[in-house]
Amino acid sequence: MPTPDPDPLRARFPAGAALRWFRAPGRVNLIGDHTDYNEGFCLPATIDREVLVAAAPRDDGRVRAESLELDGVAEVAADGSTDPAAVEPRWGGLLAAIVGELTARGRAVPGADLVVASTVPVGSGLSSSAAFEVAVMSALGALAGDPLPPHDLVFAAQASEHRATGVPSGVLDQMAAVHGRARHALLLDCRTLRTAPVDLPPLDILVVHSGLPRVLAFSEYGARRAACEAAAQRLGVAALRDATMEQVADDPIARHVVSENRRVIEFVDALWRDDLPTLGRLMLESHASLSDDYRVSTPELDLLVGLLVDHGAVGARLTGAGFGGCVVALTAPGDALGVAANALGPYRARSELVPNAFVATTVDGASEVTFDRGDRAS
Ligand code: GLA
């Protein structure tokens, strides 16, 4: 079920409550991973796996959130004084961080009741937390009558993730959640923050969870980012975006970043030309670079990518941070489920994991939505 059903959310409020509704999607990244924090290029597509928030004001200076999927009710002070690390249940730490970021930016946060539902699989590399941050921040900004402009929303959401998790993630996920476009991928320049929607050819987007939870992602992510910054400093460039292939020939970490940036641009060019063999080759080169040079893949992800391509995918690669989670594949239209059915049997047998596949439809970035005339949209 791609988009959460609003009825169970509505049922948590008193009958007739005037609700406002906000949604934000998860994303796959078609190519361009671990480039965002090097001021490089990415190409995400927002998909029909979304966070939906129903919001109503309350007048006691508390922000209270209930999740339909995760246990417990989180409650934090609207003045930003709640320490994320002190919140139970643990997922409520992100709520405290969101409120803390908004107040730190001089925004008044109103008391609010929020009910949240999500169809973005958690911890799988599809940006479930960015979708949560963007939807909740949009709700709080709207209730305050003071919505954040899109780029401010991106940075506040990213900063709340840093505040809650300590992971120095880039802007890819939040930029996608805010600026994504249906039927398009989003070419993202992480230096200028310019975006360009790129028409997608009629291919299926197949997303396969490897069955391997992301392991090591938190500590290793920070280590890779630090290695990139050290390499840029050594080379005397502002960011690895500015390095040449010659400069990084002997440094696998930096080489991944420089070669991946180049692949993103080539991939966009191949999309324009409907050049499927080039799309496939670039996805496989990207995966190999993430695996061999950047060392964020796992044997299971490598196996899954190989099997998907052996069974007819145009191309496949890990998507997101790596260390487990999801693979994205492109297939001829209508072929995705057949490719998955043929590839996942041998994958299950050889990995002893339980994978899960779905065909993604691209959707627009975050928005306020209404479901009936009783809902109030500004
Ligand atoms: C995670 C981070 C992003 C990005 C990707 C890898 O999703 O949140 O900022 O770095 O990993 O491309």
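Residues are numbered from 1 along each chain as its sequence is written, and side-chain values rest on heavy atoms, with hydrogens and water left out. Since the model is predicted, local features need pLDDT of at least 70 and side-chain atom pairs count only at pLDDT 80 or more, while totals for chains, interfaces and linings use all residues. Helices (H or I, at least four residues) and strands (E, at least two) are DSSP runs, numbered from the N terminus. Strands count as paired if DSSP finds at least two bridges between them.

Take the four-stranded sheet to begin with. It is open, runs in the order β10-β11-β9-β12 and has antiparallel pairing. β10 and β12 sit at the edges with a single partner strand each, so one side of each has no neighbour in the sheet. On average, neighbouring strands here are turned by 20 degrees against each other, direction ignored; axes are lines fitted to C-alpha atoms (for helices, over the stretch in contact), and angles run from 0 to 180 degrees between N-to-C directions. Inside the sheet, β9 (residues 204–209) and β11 pair antiparallel over six bridges, and Val-208 has Val-327 of β11 as its bridge partner. Helix α10 lies across β9, β11 and β12, at about 30 degrees to β9; contact here means heavy atoms within 4.5 Å.

There is also an open sheet of three strands, ordered β2-β7-β8 and again antiparallel. Its edges are β2 (41–42) and β8 (195–199), and each has a single partner strand, so one side of each is left without a neighbour in the sheet. Across β2, β7 and β8 lies helix α5 (residues 172–179), running at about 135 degrees to β7.

Just past the end of α8, Arg-295 takes a positive phi of about 55 degrees.

Asp-274 is not a glycine, yet has a positive phi of about 50 degrees. Asp-274 is in the loop between α7 (252–272) and α8 (276–293) and, at 47% relative accessibility, counts as partly exposed. Glu-352 also has a positive phi, near 60 degrees, and is found in the loop between α10 (336–351) and β12 (356–360). At 72% relative accessibility, Glu-352 counts as exposed. The Glu-88 to Pro-89 peptide bond is cis, with omega near -5 degrees; Pro-89 belongs to the loop between β5 (73–77) and α2 (92–104).

As for Ser-169, this residue is in the loop between α4 (150–165) and α5 and is buried at 9% relative accessibility. Neighbours within four places in sequence aside, Ser-169 contacts Gln-158, Glu-161, His-162, Tyr-221 and Arg-225.

On a 1 Å grid over the protein atoms alone, a cavity is a set of points where a 1.4 Å probe fits but cannot get out, whereas a pocket is an open set with protein on both sides within 12 Å along at least five of seven lines; lining residues have an atom within 4 Å of a point. Grid points are joined across faces, edges and corners, and a volume is the space filled by probe spheres set on the points. The largest pocket holds about 1000 Å³. Its lining has 43 residues, with Leu-94, Ser-128, Ser-129, Glu-161 and Arg-214 nearest the centre. Two or more lining residues come from each of α2, β6 (112–118), α3 (128–143), α4, α5 and α6 (217–235), and α3 gives the most, with five. A search of the whole structure finds one cavity of 30 Å³ or more. The largest cavity contains about 40 Å³ of space, and its lining includes Leu-102, Arg-107, Pro-110, Leu-140 and Asp-146.

Methods:
Buried < 20%, exposed > 50% of the residue type's maximum accessible area, 1.4 Å probe, protein only.
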